[in-house]
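Subject: Structure for your review

Hello,

Here is the structure you were waiting for, with the sequence alongside. My notes on what turned up follow below.

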Amino acid sequence: MTTTAGSDVHERLMALADEQIAVGEVRGAAAVDPVNLPMIRHWVDAMGDANPLYTDADFAAGTVHGEIVAPPAMIQVWTMAGVRTETGASPIGGVLDLLDADGFTGVVATNCEQTYHRYLRLGERVAPATRLTGLTGPKTTALGAGYFVTWVITWYVGDEPVAEMMFRILKFRPWEQKPAPGRRDPYPLRPAVNRDTAFFWDGVRAGELRIQKCGDCGELRHPPGPFCTACRSLNRTYVTAAGTGEVFSYVVHHNPPVPGPRTPFVVAVVCLPEGVRMVGNIVDCPPDQVTVGMPVRVTYREMDDDLTLPMWAPREA
Amino acid sequence: MRTLTQAEITLGTALPPLTINLTPTTVVSTAIATMDFTPVHHDVENARAQGSKDIFLNILTTMGLVERFVTDWSGPQTLIRGINVRLGVPAYAGDVLTITGAVVSCVNGDFTVDVRGAVSLGDHATGTVRFRLPH
């Protein structure tokens, strides 16, 4: 029984999440400043919120509150980290770090749900407490495969919960780098193109997978070379392959990181029906689902503005 | 500024739309006022390097604007009980955010307004705001 690295990371993630969920609420540092008028004024000014309840003491005195109160939606503002100050340890960090390390570097918030138990008065100092409540995945999304991470922050004044927020993000592994406007950065790995191999790369550009063929005895050979190993002829030509094959052997590369491809990636030896073998990456398939004998079809990937590489994707048998 | 009474609100009532011109100043000033110094909300080059078109509105501001959208209409003494937002496309600087909504339920004096904040790319935020009225 083999355990693929992909499922290993998943197990570790789920175990860590279970651990953190069991830890429950972790108190964070109290707000640096108590609820105060200057910060409220900046907030309502930026929001364009003209509600006098938040800034006009005379108006507020005549309301059910009897005094100025803070806008409820400001709740999170009071305990935000500053430019240089950081929030303390949280039960979320470990899970996010593990996701980052496994390539789920993208992040997008998906849900924010706030409940306000009461309005906050000037001078009150809130303290947050955070608990991880869920980790689900991997799920395939429009942005890439990812995990949904959900946590709840409860804000307290003393021991009294005054508000809470459920927050959910998607940590995803981007499908591929978005093409930058204008010219793309050159892909760092480039094939050696010479007089023996130029026909192959010309073929790739034309969407053809070419196999070198002896101009005399007709023997097919790959990788291409200067002479025929069967009859020693220097005459050569090529044929165009059907573009199908089967995985003969493969490795999943996890480490070390290499410039260009994102780890983990699969390098396979593919057996072509024409009788030669080619080395190439397997794409469009999770590494832990590649198998020896898997039917594949060639696919052409633009790595940058000048370079296209042939790769192999799963096909129906 | 008056606050509506329960009797003045009927189910299905559409709220006056709130239109926010998302100038860079809007995006940056609200990010700073919400103490959110994440570079994508004030640093254009950083935002572009991360694949975004421009700097974009932060979530704390979306929550604030949705709250304002309701209290602008219902009045200053509205008791906001909760805001539930599902986040969609980014609200980029240079775009216009239009918040619309309607009253969808009233249970024992707890009103719910369905809200939608749309930008040119689609729905930036959809969700609900729950509130009570003092009278």
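Strand 2 (residues 106-116) of chain A runs antiparallel to strand 2 (residues 79-87) of chain B, and five bridges hold the pairing. Please keep in mind throughout that this is a predicted model. One residue pair in that pairing is Cys112(A), which stands opposite Val85(B) of strand 2 of chain B.

The pairing belongs to an open sheet of ten strands, antiparallel, in the order 1(A)-3(A)-4(A)-5(A)-2(A)-2(B)-5(B)-4(B)-3(B)-1(B). At the edges are strand 1 (26-27) of chain A and strand 1 (18-21) of chain B, each of which pairs on one side only.

On the chain B side, strand 2 of chain B is also joined to strand 5 (residues 122-132) of chain B, in the antiparallel sense, by eight bridges. There, Ile80(B) is opposite Phe131(B).

On the chain A side, twelve bridges link strand 3 (residues 127-141) and strand 4 (residues 144-157) of chain A, which are antiparallel. Thr141(A) has Gly144(A), in strand 4 of chain A, as its bridge partner. Helix 4 (residues 93-101) of chain A packs on the sheet and touches strand 3, strand 4 and strand 5 (160-174) of chain A; the direction of the helix makes about 10° with that of strand 5 of chain A.

**Contact between the chains**

How many residues of chain A are in contact with chain B? The count is 37 residues of chain A, in contact with 32 residues of chain B. The size of an interface is often given as the accessible area lost when the parts come together. Here the area buried between chain A and chain B is about 2,900 Å², and carbon and sulfur atoms give 60% of that. Met47(A), Cys112(A) and Tyr116(A) supply 20% of the area that chain A buries against chain B, more than any other three residues.

In soluble globular proteins, nonpolar side chains tend to be buried together. The largest nonpolar core in this model has 83 residues, and the members that touch the most others are Trp78(A), Leu120(A), Ile83(B) and Phe131(B). Helix 3 (residues 59-74) of chain B gives the most to this core, namely seven residues. Leaving aside neighbours within four places in sequence, Leu120(A) is in contact with residues including Val35(A), Ile68(A), Ile75(A), Trp78(A), Val126(A), Val157(A) and Val162(A).

Helix 5 (residues 198-205) of chain A has Phe199(A), Phe200(A), Trp201(A), Gly203(A) and Val204(A) as its buried residues. Their cover includes strand 6 (210-214), strand 8, strand 11, strand 12 and strand 13 (308-314) of chain A. Gly207(A) follows helix 5 of chain A and has a positive phi, near 75°.

**Backbone points to check**

Most residues other than glycine have a negative phi, and most peptide bonds are trans.

- Gly137(A) and Pro138(A) are joined by a cis peptide bond, with omega about -5°. Pro138(A) is in strand 3 of chain A.
- His222(A) to Pro223(A) is also a cis peptide bond, with omega near 0°. Pro223(A) sits in the loop between strand 7 (220-221) and strand 8 (236-240) of chain A.
- Arg232(A) is not a glycine, yet has a positive phi of about 65°. The loop between strand 7 and strand 8 of chain A holds Arg232(A), which is exposed, with a relative accessible area of 69%.
- Asp284(A) has a positive phi near 60° and is not a glycine either. Asp284(A) is in the loop between strand 11 (277-282) and strand 12 (295-302) of chain A, and is exposed at a relative accessible area of 57%.

**Chain A overall**

Chain A has five helices and 13 strands. Of its 317 residues, 43% count as buried. Chain A exposes about 16,600 Å², with 53% of it from carbon and sulfur atoms. Among contacts in chain A with a separation of 6 or more, 61% are between residues 24 or more positions apart.

Regards

Terms used: Residues are numbered from 1 along each chain as its sequence is written. Chains are lettered from A and ligands numbered from 1 in the order in which they are written. This is a predicted model: local features need pLDDT of at least 70, side-chain atom pairs count only at pLDDT 80 or more; totals for chains, interfaces and linings use all residues. Side-chain values use heavy atoms; hydrogens and water are left out. Two strands pair if DSSP finds at least two bridges between them. Helices (H or I, at least four residues) and strands (E, at least two) are DSSP runs, numbered from the N terminus. Contact means heavy atoms within 4.5 Å. Axes are lines fitted to C-alpha atoms, for helices over the stretch in contact, and angles run from 0 to 180 degrees between N-to-C directions. Buried means under 20% relative accessible area, exposed over 50%, partly exposed in between (1.4 Å probe, protein chains only). Accessible areas come from the Shrake-Rupley method with a 1.4 Å probe; for residues, only the protein chains shown count as cover. A nonpolar core is a set of buried Ala, Val, Leu, Ile, Met, Phe, Trp, Tyr and Cys residues joined through side-chain atoms within 4.5 Å. Buried area is the accessible area (1.4 Å probe) that two parts lose on being put together, summed over both.
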